Amino acid sequence: MFKGESTSGDYHKAESTDARYWGGAARSSDEAPVMGVERRGSVKQPRCQSQLHPQEEGRHQAKSFEIEKGLIVEAYNRVKANAGAAGIDQQSLEDFDRDLKNNLYKLWNRMASGSYMPPPVRAVSIPKKAGGTRTLGIPTVADRIAQMVVKLEFEPNIEPHFLTDSYGYRPGKSALDAIGVTRERCWRYAWVLEFDIRGLFDNIPHDLLLRAVDKHTWVRLYIRRWLIAPMVMEDGRLRERSKGTPQGGVVSPVLANLFLHYAFDRWMSQHFPTIKWCRYADDGLLHCSTEKQAQHLLRTLRERFAACGLELHPEKAKIVYCQDHRRKGGHANTSFDFLGYTFCKRTIKGKAGDLFMGFCPGISKAALKSIVQRIKAWNIGRRTDLSLAEIAGFINPYLRGWWNYYGRYYRSLLYRIARYVNQRLVRWAMRKFKHLRGRKMKAVAAFNQLTSVRPKLFAHWSRGMSGAFV
């Protein structure tokens with residue numbers, strides 16, 4: 001064991017993502033209810049006097065659109081919970097909260113009267129995992145709330161129309177659901193057509209998108225305004241927009257999903273009703289019985305998306321042969337990546353305990369590399385200012401998230417992550433405690449003992465993956 005480190009359950013006290021330990025701003029946990037509203041998931045109907053100035057009460061009935069004041073408050077709560085950066089006006093959520101009552105009233109008044117005009121969005125470039133950059137459009141705080149109002153009104157109306165095999169940006173559906181159904185279909189069908197839409201959010205034609213939202217009158221008014229709101233680039237230039245919906249906007253994922261519902265989902269069900277498919281946002285898979293069928297679908301799909309103003313990514317659209325113990329033929333592509341998982345031929349255990357080659361998902365090399373880089377950036381081995389409990393409190397939420405997602409299928413691939421974390425902990429102990437300096441095997445022995453005394457200290461230990469420390 002380590003001198004000075006308690007074996008009690010004190011690590012629960014440190015089990016948080018408190019950023020003060022890691023060089024960031026501490027997150028406030030004292031978020032009192034605002035304007036008669038409780039925390040997310042428990043929203044009270046606010047009293048009128050907490051929302052509007054007395055002289056404005058009588059005007060509510062004369063508004064162009066009937067937008068409930070409680071809807072504005074619910075939208076604010078959700079935006080607050082999601083946090084996020086400031087927009088072009090540099091107003092943070094904290095700044096917005098300083099005059100919360102008036103800010104929410106003005107937003108409700110303008111939206112209900114039809115006079116709300118969205119400001120430009122702030123362009124921010126972020127790196128892509130596969131290289132290059134992606135431009136996000138960051139709205140102001142007030143505009144994020146306005147978009148959330150429209151989303152809360154719009155999404156329940158269109159959600160019942162979406163098809164079962166559409167998984168992205170939908171309540172009650174997840175990426176793991178898409179992985180699970182793809183896994184089963186790869187057992188049944190020998191061929192997969194994988195596709196990715198190039199620059200979906202940047203290229204959606206406005207006229208076709210607005211046709212899809214035509215029945216939602218006041219929602220359409222604001223959607224049109226958001227679509228054409230200019231973008232302020234990082235060099236200060238103002239760029240007008242004639243197509244696309246900014247990736248980073250609250251309502252953009254719903255609009256993109258609606259567009260692809262008509263451009264792909266319904267089109268597939270009408271023209272190829274026997275083909276099984278799965279789509280998560282702009283990534284999709286089609287399961288085919290033969291290579292010839294997959295080639296025909298690829299040509300047809302290119303024509304369809306071109307007619308809708310979109311383009312398949314030339315490097316990511318490919319036909320894959322699902323090799324396993326039954327399918328022993330050869331092909332140029334025998335694996336594909338989907339939602340952070342790689343589907344390929346792997347050794348799996350049958351119900352009777354026998355081993356055979358199956359085509360199944362496991363964490364992708366790119367996802368593994370990204371996780372290792374994140375852990376490396378924490379520089380755990382040098383954080384001797386922290387106790388072991390504090391380190392566990394910071395990293396456990398990340399570890400749980402990775403294990404919950406990537407550990408669903410072929411969990412043994414996560415042993416590399418468990419071992420890497422353990423190796424960083426050994427380095428930490430050798431730096432922190434004088435009696436362990438230069439004595440690696442003694443530090444390893446101490447951790448091996450600790451895993452049996454406190455098996456739930458770290459999230460991967462609690463799942464039986466204490467792993468190696470060398």
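Author: Two strands count as paired if DSSP finds at least two bridges between them. Keep that cut-off in mind as we walk through this predicted model.

Reader: How do you know that strand S9 and strand S10 pair?

Author: Strand S9 covers residues 336-338 and strand S10 covers residues 341-349, and three bridges link them in the antiparallel sense. The cut-off is at least two bridges, so three bridges are enough to call S9 and S10 a pair. You can find one place to look at: Phe338 stands opposite Tyr341 in S10.

Reader: What makes the turn between S9 and S10 worth a look?

Author: S9 and S10 form a hairpin with two residues between the strands, and Leu339 there takes a positive phi near 55°.

Reader: How do you know that S10 also pairs with strand S11?

Author: Count the bridges again: nine of them join S10 to strand S11, residues 355-363, and the two run antiparallel. With a cut-off of at least two, nine bridges therefore qualify S10 and S11 as a pair. Within this pairing, Arg346 has Gly358 in S11 as its bridge partner, while Lys349 stands opposite Leu355 in S11. This is a hairpin too, with five residues between the strands, and Gly353 in the turn has a positive phi of about 90°.

Reader: Why are S9 and S11 said to stand at the edges?

Author: The three strands make an open sheet in the order S9-S10-S11, with antiparallel pairing. S9 and S11 each have a single partner strand, so one side of each has no neighbour in the sheet. On average, neighbouring strands of this sheet are turned by 50° against each other, direction ignored.

Reader: What makes up the lining of the largest pocket?

Author: The largest pocket holds about 1700 Å³ of space. It is lined by 42 residues, and those closest to its centre are Lys129, Arg134, Asp196, Asp283 and Lys316. S9 is among the elements that give two or more residues to this lining, and so are strand S1 (121-127) and helix H13 (388-406). Helix H12 gives the largest share, five residues.

Reader: How many residues of the lining are nonpolar, polar or charged?

Author: There are 17 nonpolar, 11 polar and 14 charged residues in the lining of the largest pocket.

Terms used. Residues are numbered from 1 along each chain as its sequence is written. This is a predicted model: local features need pLDDT of at least 70, side-chain atom pairs count only at pLDDT 80 or more; totals for chains, interfaces and linings use all residues. Side-chain values use heavy atoms; hydrogens and water are left out. Helices (H or I, at least four residues) and strands (E, at least two) are DSSP runs, numbered from the N terminus. On a 1 Å grid over the protein atoms alone, a cavity is a set of points where a 1.4 Å probe fits but cannot get out, and a pocket is an open set with protein on both sides within 12 Å along at least five of seven lines; lining residues have an atom within 4 Å of a point. Grid points are joined across faces, edges and corners, and a volume is the space filled by probe spheres set on the points. Ala, Val, Leu, Ile, Met, Phe, Trp, Tyr, Cys and Pro count as nonpolar, Asp, Glu, Lys and Arg as charged, and the others, Gly among them, as polar. Axes are lines fitted to C-alpha atoms, for helices over the stretch in contact, and angles run from 0 to 180 degrees between N-to-C directions.
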